[in-house]
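Me: I am new to this structure. Please take a close look at a single loop and then relate that part to the rest of the chain.

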Amino acid sequence: QVQLVESGGGLVQAGGSLRLSCAASGIILSIKTMGWYRQCPGKQRELVAAFTRGDTTNYADSVKGRFTISRDNAKNTVYLQMNSLKPEDTAVYYCNADVRSGIWERKDYWGQGTQVTVSS
């Protein structure tokens, strides 16, 4: 089993910054993709930023230029630096990872979510 533990959410004023962290632990042979999604009440979960193949990153258009995803492969940890936050960034942010734990075992995992609230 693999666990994803998120931290770093909170309340911030518009224009402020937050940094989210997500650490993966457990039986991990490799992590294929890892990134961040968010979900607002009544809306579908959407991609925010993620590492896809290799070092390729993918960002939602709404966060380009404001958010930066980074990672520490040695720690199986991914970060999301969020700058110039807007009230519309308010959501529960979820970490996601596609993890290979064995030759025949590959599974998609989600963290428990961390609340980000941006006040106007």
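Reply: S84 is placed in the loop between strands β8 and β9. Helices and strands are DSSP runs numbered from the N terminus, a helix (H or I) having at least four residues and a strand (E) at least two. The model is a predicted one, in which local features need pLDDT of at least 70 and side-chain atom pairs count only at pLDDT 80 or more, while totals for chains, interfaces and linings use all residues. Residues are numbered from 1 along each chain as its sequence is written, and side-chain values use heavy atoms, with hydrogens and water left out.

The backbone of S84 has a positive phi of about 50°, although this residue is not a glycine. S84 is partly exposed, with a relative accessible area of 40%. Here, buried means under 20% relative accessible area, exposed means over 50%, and partly exposed lies in between (1.4 Å probe, protein chains only).

Contact means heavy atoms within 4.5 Å. A23 is partly exposed, with a relative accessible area of 31%. Its C-alpha atom is separated by 8.8 Å from that of S7, a residue 16 positions away along the chain.

A disulfide is a covalent bond between the sulfur atoms of two cysteines. The criterion applied here is a pair of cysteine sulfur atoms within 2.5 Å, and a search of the whole structure finds one. It joins C22 to C95, with an S to S distance of 2.0 Å. The torsion about their S-S bond is about -85°, so the disulfide is left-handed.

C40 is also a cysteine, and its sulfur is 18 Å from the closest cysteine sulfur, in C95, which is too far for a bond. C40 is buried, with a relative accessible area of 17%.

G8 lies between β1 (2–7) and β2 (10–13). The C-alpha atoms of G8 and C22 are 8.9 Å apart, and the two residues are 14 positions apart along the chain. Beyond residues up to four places away in sequence, G8 touches L18, R19 and L20. G8 is partly exposed, with a relative accessible area of 32%.

A loop residue can also be buried. V63 sits in the loop between β6 (57–59) and β7, yet at 0% relative accessibility it counts as buried. V63 touches R38 and V48, residues up to four places away in sequence not being counted. The C-alpha atoms of V63 and V48 are 7.1 Å apart in space, and these residues are 15 apart in sequence.

These parts belong to a protein with 11 strands and zero helices. Its radius of gyration is 14 Å, close to the 14 Å that the globule rule gives for 120 residues, so the protein is as compact as a globular protein of that length. That radius is taken over C-alpha atoms, and the rule is 2.2 Å times the number of residues to the power 0.38. Taken along the principal axes, the C-alpha atoms fill a box of roughly 50 × 25 × 25 Å. Buried residues account for 41% of the 120 residues. Among contacts with a separation of 6 or more, 55% are between residues 24 or more positions apart.
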